[in-house]
Amino acid sequence: MAQRFARRPSFHGVASLTLARLEMSHTDSRVTIHMAASVDGFIARKDGSVDWLETSDEFAAGDTMDPEYVAAFLETIDCYVMGSRTYETALGFEAKGLGWSYGDKPTFVLTHRDLPRTRDSVSFHAGELAPFVNEQLRPRFRSIWFVGGGVLSAECVRRGLADDLRYSILPILIGDGISFFEKLDRDVALHLAEVKAYKSGMVSLHYEVKR
Ligand SMILES: NC(=O)c1ccc[n+]([C@@H]2O[C@H](COP(=O)([O-])OP(=O)(O)OC[C@H]3O[C@@H](n4cnc5c(N)ncnc54)[C@H](OP(=O)(O)O)[C@@H]3O)[C@@H](O)[C@H]2O)c1
């Protein structure tokens, strides 16, 4: 996912202009939750493993993923937000030589713990999610992607912070595991905005959260 620079408000110019810019970027920013899940709605096994993400289905009528399209799409994402357990999984992937999926985009990790910081693009945050998203992220970033896990995604939805859900469903049932949304306490109405099926058997769903 290629870098788009954070548009920090400048210290130059009059205060009112800066404020107007802040408000403008606040209203047109979008918070998207994206994860891949099994057909039975799990994002990882109970022990956190995601070996099942590699599937071998074939759906002849499906689309092919065009790497150039994917790269251009990822370019539009301005920052990532993740829970500490997802960060630890990402560090584990990196240690196994599987790379870091978030490029050099600013990546915010929610945690109360003192975790290793392996790159400059990563920063840590603890505390209430709503002021963090609305007062710190929305004014600076237009496309904000929450990339898991289930605890943080549920918190994001519970606090009414999510605008879009992107759900990539893989052709497999795993029976038990960590849910896409852990302990969601209410119904959330969605509008189906897009559906795509791929040759790999993956179905990609894009929903907008109804307000
Ligand atoms: N299939 C996929 O697309 C996908 C995507 C992402 C993750 N995953 C998998 O999902 C699993 C992790 O998901 P998960 O639900 O267990 O955990 P998670 O959502 O990644 O992380 C939850 C942790 O984040 C911290 N946290 C959350 N909100 C916070 C806040 N407001 N302030 C400070 N800290 C906060 C807390 O940990 P502290 O104890 O550090 O404070 C909390 O226990 C991993 O196994 C990963 O592989 C799968």
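This note walks through the fold, the core, the ligand shell and a few local details.

1. **The model.** This is a predicted model: local features need pLDDT of at least 70, side-chain atom pairs count only at pLDDT 80 or more, and totals for chains, interfaces and linings use all residues. Residues are numbered from 1 along each chain as its sequence is written.

2. **Overall make-up.** The protein chain has five helices and ten strands. Helices (H or I, at least four residues) and strands (E, at least two) are DSSP runs, numbered from the N terminus. Of its 211 residues, 24% count as buried. A residue is buried if 20 or more other C-beta atoms lie within 10 Å of its own, exposed if 12 or fewer, and partly exposed in between, with C-beta atoms placed from the backbone. Take contacts between residues at least 6 apart in sequence: 79% join residues at least 24 apart. Two residues are in contact if their C-beta atoms, placed from the backbone, lie within 7 Å.

3. **Strand 4 and its partners.** Strand 4 is covered on both faces. Thr-107 and Val-109 are buried on one side, Phe-108 and Leu-110 on the other. Strand 3 pairs with strand 4 in the parallel sense over four bridges. Two strands pair if DSSP finds at least two bridges between them. Tyr-80 stands opposite Thr-107. Between strand 3 and strand 4 the chain passes through helix 3, and this β-α-β crossover is right-handed. Right-handed means that, with the strands pointing away from the viewer, the path from the first strand over the helix to the second runs clockwise. Strand 5 (residues 122-125) also runs parallel to strand 4, joined by four bridges. There, Phe-124 is the bridge partner of Val-109.

4. **The core.** The largest nonpolar core has 35 residues. Such a core is a set of buried Ala, Val, Leu, Ile, Met, Phe, Trp, Tyr and Cys residues joined through C-beta atoms within 7 Å. Val-31, Met-82, Phe-146, Cys-156 and Ala-162 touch the most other members. Elements that each supply at least two core residues include strand 1, strand 4 (107-110), helix 4 (129-137) and strand 6 (143-146). In soluble globular proteins, nonpolar side chains tend to be buried together.

5. **Ala-162 and Val-133.** Leave aside neighbours within four places in sequence, and Ala-162 is in contact with Val-31, Ile-33, Cys-156, Val-157 and Val-209. Val-133 is in helix 4. It counts as buried because it has 21 C-beta neighbours inside 10 Å. Leaving aside its neighbours within four places, Val-133 is in contact with Val-31, Arg-138 and Leu-161. Val-133 and Ala-162 are 29 residues apart in sequence and 9.9 Å apart in space, C-alpha to C-alpha.

6. **The ligand shell.** The ligand is surrounded by 29 residues. The closest are Gly-48, Gly-83, Ser-84, Gly-148 and Gly-149. Near here means a C-beta atom, placed from the backbone, within 6 Å. Among the elements that each supply at least two shell residues are strand 3 (79-83), helix 3 (84-95) and helix 5 (150-158).

7. **Around helix 5.** A cis peptide bond joins Gly-148 and Gly-149, with omega about 0°. Gly-149 sits in the loop between strand 6 and helix 5. Buried residues in helix 5 include Gly-150, Leu-152 and Cys-156. Gly-160 follows the helix, and its phi is positive, near 70°.

8. **Lys-183.** Lys-183 has a phi near 55°, a positive value in a residue other than glycine. Its place is the loop between strand 8 (178-179) and strand 9 (190-197). Lys-183 counts as exposed because it has 10 C-beta neighbours inside 10 Å.
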